[in-house]
Structure formats: structure tokens, C-alpha cells
Amino acid sequence: MLITKSKFVAGVQCLKRLYLTVHTPELAAQPDESDQSIIDQGREVGLLARQMFPGGVVVECKDREQAIRMTRELIENPEIPAIFEGAFEHRGVFVRVDVLHRRPDHRWRLIEVKSTTDVKDHHVDDVATQHRVVTRSGFDVASSCLAHVSRDYVYEGGPIDASRFFRIRNLTRQVERLQPELTVQLRSEFRVLAMPEAPNIPAGRQCSDPFTCEFFDHCNPPIPDDHILRLPRIHAATVAKLVALGIQSIHDIPENYPLTQRLRRACASVQMGKPWYGAELKGELKGLRYPFYFADFETINPCIPRFPGMRPYDQLPFQWSVHLQRQPGAAPEHSEFLATDESDPRLPFISALCDALGDRGSIVVYHQQFESLRLSDLASWLPEFSGRINKIQRRLWDLLPVVRNHVYHPAFGGSYSLKSVLPALVPEMTYEGMEVADGQAAGLAWESLIGGACSEAERQRKRAALLDYCAQDTLAMVRIVDALS
Ligand code: SF4
């Protein structure tokens with residue numbers, strides 16, 4: 001039985017995950033479009049890292065034995081300054097190393113490349129496994145490092161400067177200290193893999209930490225609508241105490257059981273089967289000033305920045321929708337913006353938005369922090385708009401805390417997201433069946449819209465789906481404010 005680097009890390013998260021990965025992989029959820037885009041991004045970042053080691057040679061072959069042989073040949077050739085995807089095996093553990101860099105003294109620097117912006121615990125496990133296999137295969141590793149993306153890097157246009165885009169962290173001491181633990185872990189992993197059945201490990205926090213496990217649906221059956229986990233922001237300790245008392249349904253929570261005010265309100269609303277509206281809701285809504293603008297932005301946050309002034313993972317806005325309600329009872333008027341090619345969308349985005357939002361009246365958003373931060377980003381990239389942006393930020397009015405603090409509906413199911421709140425308060429509107437129905441899907445649809453890889457008919461379909469989705473978000477806020485009023 002062979003353990004690869006990824007299987008080893010799966011086993012560190014959960015031994016059952018390792019077992020299922022090897023013995024019943026068909027139970028795993030298939031990667032969706034979003035998973036694939038993360039994989040593609042990781043690949044792009046890996047290729048970029050190679051630019052730091054000119055003259056490096058890639059071990060292309062997929063066959064394990066051949067790859068190991070080719071790696072040895074490259075190591076023996078002193079003319080080769082770096083090896084990418086070098087293959088090594090020791091006592092049933094097989095690894096491929098992103099970068100092996102030959103130092104002037106002919107010792108090696110091992111580098112694992114990650115597209116994250118810092119070092120996570122599981123990265124150290126990952127590097128430690130590679131360090132173990134390469135050193136125990138007889139090679140002289142002087143240091144073992146992790147190259148991660150630096151959030152301090154600011155793109156200036158032209159080719160990305162890989163040496164500034166990455167930060168290389170030396171983890172040698174940590175990975176050496178980890179070796180005894182690794183020995184124990186590997187023993188457990190080989191033992192579990194040889195078992196006739198998967199280990200009996202109950203679902204828990206490990207199912208989504210540090211990653212959502214691909215067997216999540218297999219091990220975590222759907223929870224009923226009245227389950228205590230469907231109370232808003234319920235703390236794990238509260239859940240544990242209730243479960244210990246044999247209480248799993250919200251309906252079984254006693255009236256005098258100590259809960260926070262928010263949980264108690266939600267609990268009472270579910271038990272009575274009717275919505276709760278706080279006495280201060282009316283006063284909150286009085287804070288709104290006509291004309292009402294309802295605004296929403298869509299963004300992507302690419303790891304590799306695309307336009308000057310951007311850092312890795314900065315949010316790039318590409319679409320907005322605004323519904324304007326001039327006076328009570330007036331029909332909402334709609335305006336929108338969607339970038340449809342690969343050029344920099346920031347200037348046309350903010351220029352059209354400033355015009356659409358006028359200079360007075362409340363601007364209703366759902367989760368103000370997001371829109372406000374995007375506006376601040378735009379002000380720093382395009383300082384000529386900073387005065388107008390500043391005035392827009394002062395007019396923002398956040399609907400989310402108003403709902404969260406003054407409303408609960410049994411159909412919220414513990415969530416205050418627009419997707420849960422809208423159909424509960426405005427039953428004739430829903431996101432179900434929409435081709436684009438959340439921000440992540442919007443980002444993916446936009447990437448393929450501008451990427452040029454789809455047919456014209458497909459582009460038109462994606463464009464229409466994006467416009468429908470963003471317009472739905474702002475019309476949803478119009479209707480929710482109407483309903484609450
Ligand atoms: S879902 Fe949870 S319990 Fe099941 S294999 Fe994954 S991590 Fe383990």
C-alpha cells in the first residue's frame with residue numbers, strides 16, 4: 001500500500017477520510033466548477049513559482065518508477081540548477097516535490113508552493129512528509145521551505161515579478177521537530193488502510209477543518225428543519241449541552257432553558273411557527289431617506305492580480321445593480337453595469353455607479369462592510385473618484401443588521417443570508433432555479449464570459465444569467481424593505 005503526500009495529509013485530517021479515499025473513492029463528492037477553478041489557480045501559481053528558478057527542469061512523466069529514475073538522473077547532473085515535480089519514495093510513502101533547488105554547495109533546498117497568503121498547520125505536515133522522504137532517500141536537504149503568496153506584493157503592470165510575489169519561509173526546524181509525530185501518524189495510516197472496514201470515526205469538526213472533506217455528505221446526513229443546528233449562530237458548546245440532555249429538536253428546548261436573546265427569539269419563533277418582529281424595527285426603518293437606492297456589487301478575487309495597483313486576492317468589481325425608488329409606493333427603476341471583456345473594469349464600474357447613485361438619499365445594501373470596502377479599494381486605485389466615493393459611503397444603509405436584530409422567521413433556518421431571508425419574507429421571490437444563484441457562481445460565470453472560451457450563444461446566456469442574478473439581489477432588498485415597512 002502506497003501513501004502519497006495528499007493521502008498522508010488526508011489521513012492527518014481524519015483517518016476515515018484516508019480510508020475512504022483509498023478504498024471507496026466513489027463515495028466522494030465530485031469536484032464542482034468552483035473546486036476546479038481553485039485547482040487551476042493553484043496550478044497557475046505553481047507555474048509562476050518556477051520563474052524564480054531559471055534553467056529548472058520539470059519531471060514530466062506520470063509513471064512513478066520512471067519519474068523517480070528521471071529525478072535521480074537530474075540530481076546527478078550538476079548543470080541542473082532546479083528540479084520541478086521531482087519524485088521520491090521511501091518505505092511506502094511517495095512524494096513529488098514542487099521545487100528542489102540546488103544550492104552553490106550542491107546541497108538542496110526543498111520548496112513546496114502554496115497559493116495561500118500564509119503558512120497553515122497542514123502545510124507544515126505536508127513539507128515535513130516531503131522532507132522525510134527526500135532525506136531518507138539519501139539526498140542532502142539543507143532546508144525545507146514553503147513559498148506562499150505575499151499580500152504585500154503590488155502589481156505594477158507587465159509580467160508578474162515572481163521573486164516579490166512569493167515569500168519563502170524556512171520551515172526546516174519545524175519539520176525536523178515533527179518527524180517523531182510523523183512516524184506515529186504514518187504507522188496509524190498504514191494500519192487503518194489494512195483494516196477490512198473504515199474506522200468508526202464520528203463526524204465532527206474535522207469534517208470541515210482545515211478543508212471541507214469530500215465525504216462530508218456521506219458522513220453527515222442532512223439535518224431536519226427543526227434541528228437545533230438550525231438556530232442562528234448557535235455555539236458548539238450550547239449544541240453539545242443540549243445534545244447531552246437528549247434535545248435535538250428546537251421544539252424540545254424548554255422555555256426556561258438559558259439561551260442568548262437572539263437564540264431565545266429564534267427558538268420561540270420556530271416553536272410558535274410564526275415570525276417575530278422587534279419593537280424597534282419601525283424606528284430602524286425610519287432611518288431611511290428617500291430616494292432609496294438599493295445597490296449590490298459582484299466581484300472576483302484572483303490570486304494573481306490582473307491590473308496595476310492590485311495585490312493578490314484583492315477584490316475586483318465587475319458588476320453592479322441599482323434599483324431606485326423615488327418615493328413611497330413608486331415602481332422601482334433599474335440600472336446596471338456588467339463588464340463584458342478582459343479590459344480593466346474598475347474605471348467604467350465606478351464612473352457609471354457614481355452617476356447611477358445620484359447625490360442624495362439612502363443607499364441600501366446587504367452587509368455594508370463588503371460594499372464599503374470595495375468602494376475604499378476603488379478610491380485608492382482611482383483617487384480622482386475618492387470625493388464622490390466618500391459621499392456614497394456616508395449614505396450606505398445596511399439592511400442585514402436590521403433583519404438580524406429585529407426579525408426572525410421560522411423559514412430562515414438559522415441563516416440571515418439574502419437567499420434565506422427573501423423567500424421567507426417575500427414568498428413569491430426565490431433564487432431557486434436561477435442559473436447564477438450566488439456570488440461564487442457569478443464570479444465563475446463572469447470568468448467564462450470574458451475568457452473567450454465559450455460560443456457566442458453561451459456568452460449571451462451567461463451575460464443574461466449574471467444580469468438576472470444581480471438585479472434579483474437589489475430587487476430582493478426593495479421587496480424586503482417593503483415587506484418590513
Ligand atoms: S466527513 Fe468527517 S468523518 Fe467523514 S471522512 Fe470526512 S472528515 Fe472523516
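1. Let me start with a helix pair. Helix α1 (residues 5-13) and helix α5 (residues 121-136) have axes that come within 10 Å and cross at roughly 135°. That angle makes α1 oblique to α5. The crossing of α1 and α5 is right-handed. For the terms: axes are lines fitted to C-alpha atoms, for helices over the stretch in contact, and angles run from 0 to 180 degrees between N-to-C directions. Angles under 35 degrees count as roughly parallel, over 145 as roughly antiparallel, 65 to 115 as roughly perpendicular, and the rest as oblique. A crossing is left-handed if the near helix is turned anticlockwise from the far one by less than a right angle, and right-handed if clockwise.

2. A word on what we are looking at. This is a predicted model, in which local features need pLDDT of at least 70, side-chain atom pairs count only at pLDDT 80 or more, and totals for chains, interfaces and linings use all residues. Residues are numbered from 1 along each chain as its sequence is written.

3. Back to α1 and α5, residue by residue. On the α1 side, K5, F8, V9 and V12 meet H122, D125, D126, T129 and Q130 of α5. The contact splits into three nonpolar, three polar and three charged residues. Contact here has C-beta atoms, placed from the backbone, within 7 Å; Ala, Val, Leu, Ile, Met, Phe, Trp, Tyr, Cys and Pro count as nonpolar, Asp, Glu, Lys and Arg as charged, and the others, Gly among them, as polar.

4. Now the whole chain. There are 19 helices and 14 strands, where helices (H or I, at least four residues) and strands (E, at least two) are DSSP runs, numbered from the N terminus. The C-alpha atoms fill a box of roughly 80 × 60 × 40 Å along the principal axes. Of the 485 residues, 30% count as buried; the cut-offs are 20 or more other C-beta atoms within 10 Å of a residue's own for buried, 12 or fewer for exposed, and in between for partly exposed, with C-beta atoms placed from the backbone. Taking contacts between residues at least 6 apart in sequence, 66% join residues at least 24 apart.

5. Next, the ligand. The shell around the ligand has 13 residues, and C14, R17, C207, C213 and C219 come nearest. A residue is near a molecule or strand if its C-beta atom, placed from the backbone, lies within 6 Å of it. Both α2 (15-23) and α9 (216-219) supply at least two residues of the shell, and α2 gives the most, with three. By class, the shell has nine nonpolar, two polar and two charged residues.

6. Two further helix pairs deserve a look. Helix α14 (residues 368-381) packs against helix α15 (residues 386-394) at about 170°, with axes 9 Å apart. The two are therefore roughly antiparallel to each other. S372, L375, L378 and A379 of α14 meet S386, I389, I392 and Q393 of α15, giving five nonpolar, three polar and no charged residues. Helices α18 (residues 439-451) and α19 (residues 456-484) pack at about 150°, also with axes 9 Å apart, and their crossing is left-handed. By class, the contact of α18 with α19 has seven nonpolar, one polar and three charged residues.

7. Finally, A142, which lies in strand β6 (residues 141-149). Buried or partly exposed? A142 counts as partly exposed, because it has 14 C-beta neighbours inside 10 Å. Leaving out residues up to four places away in sequence, A142 touches R103, R107, W108 and R109. A142 and H106 are 36 residues apart in sequence and 9.4 Å apart in space, C-alpha to C-alpha.

Methods:
Contact = placed C-beta atoms within 7 Å.
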